[in-house]
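Please open the model in a viewer and keep the selection panel at hand. The stops below proceed from one selection to the next.

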Amino acid sequence: MKRLLAVALGILTAIGGFLDAGDLVTNAVVGSRFGMSLAWVVGAGVIGICVFAHMSGKVAAVSGRATFEIIRERLGPRAAGLNLAASLAVTVLTLVAEVGGIALALQLASSVDHRLWVPVAALAVWLVLWRVKFEIMENVTGLLGLALVGFAVAVFLLGPDWGELAAQLAPQVPVEEDAGTYWYYAIALFGAAMTPYEVFFFSSGGVEEGWTAKDLATSRLNVLVGFPLGGLLSVSIAACAALVLMPAGIQVDAMSQLTLPVAQAGGTLLVAVIIVGIVAATFGAALETALSTGYSLSQYLGWSWGKFRRPAQAARFHLAMILALVVAVAVLATNVDPIAVTEYSVVFSAVALPLTYLPILVVANDPEYMGDQVNGRAMNAVATVYLVIIVVAAVAAIPLMIATEAGG
Amino acid sequence: MIASDLLDARVLEADGQAVGWVVDLRLVLDGTTDGILARPRLHGLVVSPRTRTSFLGFERSDVRSPWPIAPLLRRWHRGTFLVHWPDVARVPEPDDADHPGPAVVVLRPGYLRYDATLHR
């Protein structure tokens, strides 16, 4: 149990990346339209976020500095300010989707309209941010989020033809889709795996937990358990959709459709487990994005931050998170579809990610900060390959989004 | 004056010859104690001849990795030097008639260019 709790930070971080409200639906959309032919992108994303989070966790543990402090110091105020604006846009848009996602998940459980749940959800998120200790917060949401393993169970219960499912894994554009749409979803999945807020949260979480150079093994374990698990569940959701929804010709556009394959596989009991998982995952992702808003803004502006301080000692950090939640409720009050909101975040992610990744890669090589823990050659080789992939994805994201009308 | 008045400013020699841009400020903590830290003092300006983008900290050390980022940045910022603050003659106000437009820093005649690397 202690080992499991030690990786709660990694699991919660990965939930925010792979299994947040927008991604839960995107994974099902991808499965129902492209089968398993985009699963390789999730694999590439898992390796990428492992590399990125590993470096940021290492920098946080050894130098005691979280990611946005490094970004501001290395990029200077102007370029870091551009990064901050883009990162905040992604993070707050995702927070909007998460608060809406909690409400949608509670509607699934209660049949009470999701619009009524929005203020309740936002208030609950705020209370946790204000009162609950970081460790308790990550342990509870991380463990309950594991209920989403139900999707992997559902794949087994559906008893697929494994050979046929494996054959779908080859990257190819299905006949009824065009290449532009395929690549748009490829970039959306890759961007969802590697979001800036995951790294802000993970590295700041390491500082919250008081990591030092002695905790490098904990950091590595968090990375190596959390993100592959998140990726596996993400692929499981796509597999469920590919097995049940694709043959039936069902187009996914709502969270409730996620439960259809699960109900067919495991009945009411498994659906109940999945709904617990969805509530926990969206709640966890809401905490992660709200905290990331506070972390990145405070670290850029040099404010005191962290849940390890009492709110009075980090007043502006808490105020930033309250404002982000107020924005989320206000946006949702316009009756916008919470899931549709995340479609546009990929644009801001494209701007923010290279500017977030590069300073971490540079500092991970700086012996002044890292002592003898600087990146080795193999790590640098992989990290540089991913820098190129990130830049290519960033450049391609916006034209593809416009050309395909966001995958329509 | 605040740091933003100097960062990104164009650097001119006394005769008006442009030599680069201020890419960073070098501060030393040797003043009287203020809270828990010594008060910082402006030691000098890091000037890069070709670009005003960040050198990402490579100017401080002789780190050569990760390839190819470090060599590319080093090439782009080649000739980067440090000028001591006393070698700065003046920083004209934004409404200065001799220097309209973006911020500039004017150096003294006979100023010295120092290596920007930090030596332990």
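Predicted model: local features only at pLDDT ≥ 70, side-chain atom pairs only at ≥ 80, totals over all residues.

**The core.** Select A:Val96, A:Val99, A:Val125, A:Leu189, A:Cys240, A:Ala241 and A:Ala290: these have the most contacts inside the largest nonpolar core, a set of 171 residues. Next, colour helix H5 of chain A, residues 67-110; with 20 residues, H5(A) gives the most to this core.

Now centre the view on A:Val96. Leaving aside residues up to four places away in sequence, A:Val96 touches A:Ala328, A:Val331, A:Leu332, A:Pro338 and A:Val341.

**The helix pair.** The crossing of H5(A) past H13(A) is left-handed. Colouring their contact by residue class shows 22 nonpolar, 11 polar and 3 charged residues.

**Chain B and its contact.** Select the contact between the chains, to which chain A brings 17 residues and chain B brings 11. On the side of chain B that touches chain A, 5 residues are nonpolar, 5 polar and 1 charged.

Finally, display chain B by itself. Its 2 helices and 7 strands follow the order α-β-β-β-α-β-β-β-β from the N terminus. Along the principal axes, the C-alpha atoms of chain B fill a box of roughly 45 × 40 × 25 Å. Of the 120 residues in chain B, 25% are buried. Among contacts in chain B with a separation of 6 or more, 53% join residues 24 or more positions apart.

Key. Residues numbered from 1 in each chain as written. Chains lettered and ligands numbered in written order. Core = buried A, V, L, I, M, F, W, Y, C linked by C-beta atoms within 7 Å. Buried ≥ 20, exposed ≤ 12 C-beta atoms within 10 Å, placed from the backbone. Helix = DSSP H or I, 4+ residues; strand = E, 2+ residues; numbered from the N terminus. Contact = placed C-beta atoms within 7 Å. Left-handed = near helix turned anticlockwise from the far one by under 90°. Nonpolar A, V, L, I, M, F, W, Y, C, P; charged D, E, K, R; others polar.
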